[in-house]
Amino acid sequence: MLRKTAATNQWFTEDTTMLLFDMTESLRSALHSIRAHGFRSFLTTLGIIIGVAAVVATVSIIQGLQYTINQQFEGLGTNSIVVQARNTYENYLTGKIARISPEDFDMLSSRVEGIATISPIIGGGGSQLRYGSQTAVVEITGSTYSYQDVAQTYMKYGRFLSDTDDTTRRRVVVIGETVRENLNLPEDPVGEYVRVGDEWMKVIGLAEEKGQILGQNQDNFAIIPYSTMRSIAGNQSRQSMAIQLTLSDLNQMEAVQDRVTSLLRLAHEIPSDEDDDFQVQTSEQLTNTFNTILSSVTVVMGGIVGISLLVGGIGIMNIMLVSVTERTKEIGICKAIGAKRHQILMQFLFESLLLCLLGGLVGLTLGYGIGLAASAAIPNFPQAVVPMWAVLLSFGFSAMVGLVFGIMPAAKAANLDPIEALRYE
């Protein structure tokens with residue numbers, strides 16, 4: 001029994017050693033062949049390079065956008081809820097526009113338990129601000145003290161809105177850096193007065209500069225107290241708004257969502273068989289919705305440009321078949337001196353695999369460079385990001401192309417009759 005075990009182990013060791021030797025020789029031979037036919041190897045891998053570069057460039061641009069916007073959503077916090085109107089295409093056609101009203105805000109403030117903070121957000125749209133002879137068109141928002149954390153708007157000079165500003169309807173305003181520049185206000189504009197429409201307002205704060213994202217200037221804004229915004233607008237138009245909630249207990253998230261939904265359905269007189277005309281979403285749901293959309297775009301775009309990988313694989317198979325024909329006599333000599341079928345098969349398969357992997361590496365580098373250049377060329381676009389799964393997918397798909405499209409040429413070479421191969425001219 002011991003002798004049999006020892007003999008089996010010795011056979012296993014010798015067989016493993018031979019396999020490793022065959023693989024090493026096949027790799028060496030494949031590298032030699034690639035170097036010997038450098039230009040042909042480049043043309044062979046060109047399809048793979050273009051395919052991988054296109055996929056990586058597309059993915060890196062979309063992932064960079066996704067990463068940047070996810071960072072924006074992170075500022076909302078995991079315990080926040082956003083309530084806003086939901087309008088369908090039919091609503092716009094029929095003129096029945098859904099709105100979240102100030103009355104809805106008052107109702108939720110007084111009748112929903114478990115709320116830590118609640119912040120109304122009224123978008124006043126574009127409005128003119130004037131300072132001396134200078135005029136600027138500014139996006140005006142009406143809100144309260146808690147909006148500072150919601151919008152991640154922190155002060156460079158002065159202070160943000162206070163609860164007292166809201167309750168007393170003070171004519172005060174917080175502005176962004178772009179507004180200060182356009183109005184030629186002092187570097188520290190706190191204490192200056194600007195005219196908002198027909199109202200004079202005192203600048204109490206200048207926000208830290210945020211820059212731009214996707215062409216949207218994040219510093220061209222003015223924030224005034226919520227009650228002040230309502231008093232200025234009066235009853236001339238129906239105001240629509242969004243409401244931001246934060247919870248005192250994260251475990252009450254679902255209960256608060258249900259309570260908000262039931263109250264708004266009752267207030268809006270929505271029949272039981274009709275859909276809500278509003279949305280109650282957590283910051284996590286907003287992030288997941290956005291990520292789902294971008295992931296779908298990534299898959300579709302990656303699939304479209306991935307067709308070039310298939311074309312590249314077919315090109316590699318054709319070139320390898322030509323290579324087998326050119327090296328028929330060489331294969332015959334190898335077989336005549338004792339080369340086995342699996343050794344010939346492994347040699348050509350390794351050559352195809354190496355060509356694809358080298359093409360994948362070059363394509364990955366080129367694609368990332370294209371992604372960086374494209375994101376830099378588009379004004380205020382987020383920097384391209386290549387996730388690790390895209391790197392692994394590129395190399396994995398390149399290896400699969402090499403194996404799949406290298407099998408036929410390798411099998412043809414391995415099945416050549418040595419006598420007929422030696423006679424081939």
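Here is a walk through this structure, from the whole chain down to a few single residues. It is a predicted model, in which local features need pLDDT of at least 70, side-chain atom pairs count only at pLDDT 80 or more, and totals for chains, interfaces and linings use all residues. Residues are numbered from 1 along each chain as its sequence is written, and side-chain values use heavy atoms, with hydrogens and water left out.

Let us begin with the whole chain. The protein chain holds 14 helices and twelve strands; helices (H or I, at least four residues) and strands (E, at least two) are DSSP runs, numbered from the N terminus. Of its 425 residues, 42% are buried. Here buried means under 20% relative accessible area, exposed means over 50%, and partly exposed lies in between (1.4 Å probe, protein chains only). The accessible surface of the chain comes to about 22900 Å², and carbon and sulfur atoms own 58% of that. Such areas come from the Shrake-Rupley method with a 1.4 Å probe, and for residues only the protein chains shown count as cover. Now look at the contacts, meaning heavy atoms within 4.5 Å. Among contacts in the chain with a separation of 6 or more, 77% are between residues 24 or more positions apart.

Two strands pair if DSSP finds at least two bridges between them. Strand β4 (residues 155-158) runs antiparallel to β7 and is joined to it by three bridges; in one of these pairings, Met-155 has Ala-207 of β7 as its bridge partner. Strand β5 runs parallel to β7, with four bridges between them, and Val-173 is partnered there with Val-203 of β7. Strand β6 is antiparallel to β7 and also joined to it by four bridges, with Tyr-193 facing Lys-202 of β7 as bridge partner. β6 and β7 form a hairpin with two residues between the strands, in which Gly-197 takes a positive phi near 65 degrees.

Asn-184, with a phi of about 55 degrees, sits in the loop between α7 (177-182) and β6 (193-196). Glu-269 also has a positive phi of about 55 degrees, and its place is the loop between α9 (253-267) and β12 (278-282). Glu-269 is classed as exposed because its relative accessible area is 69%.

Now for the charged side chains. Side chains of opposite charge can pair when their charged atoms come close. A salt bridge here is a side-chain nitrogen of Lys or Arg within 4 Å of a carboxyl oxygen of Asp or Glu, and by this rule the count comes to six. One of them joins Asp-106 and Arg-230, whose closest N and O atoms are 3.9 Å apart. This pair links distant parts of the chain: Asp-106 is in helix α4 (residues 102-111) and Arg-230 in helix α8 (residues 226-233), 124 residues apart. Asp-106 has a relative accessible area of 37%, so it counts as partly exposed, and Arg-230 is partly exposed at 29%.

Glu-199 pairs with Arg-171, the closest N and O atoms being 3.4 Å apart. Glu-199 is partly exposed at 25% relative accessible area, and Arg-171 is partly exposed at 29%.

Asp-276 and Arg-265 meet in a salt bridge too, at 2.4 Å from N to O. Asp-276 lies in the loop between α9 and β12, and Arg-265 in helix α9, eleven residues apart. With a relative accessibility of 23%, Asp-276 counts as partly exposed. Elsewhere, Arg-159, Asp-165 and Arg-170 are linked in a network of salt bridges.

Phe-39, Phe-42, Leu-43, Leu-46 and Ile-50 make a nonpolar patch of about 500 Å². Patches are made of residues with over 30% relative accessible area and no salt bridge, where like charges are joined within 9 Å and nonpolar side chains (Val, Leu, Ile, Met, Phe, Trp, Tyr) within 5 Å. Leu-43 is found in helix α2 (residues 38-74), and this residue counts as partly exposed because its relative accessibility is 45%.
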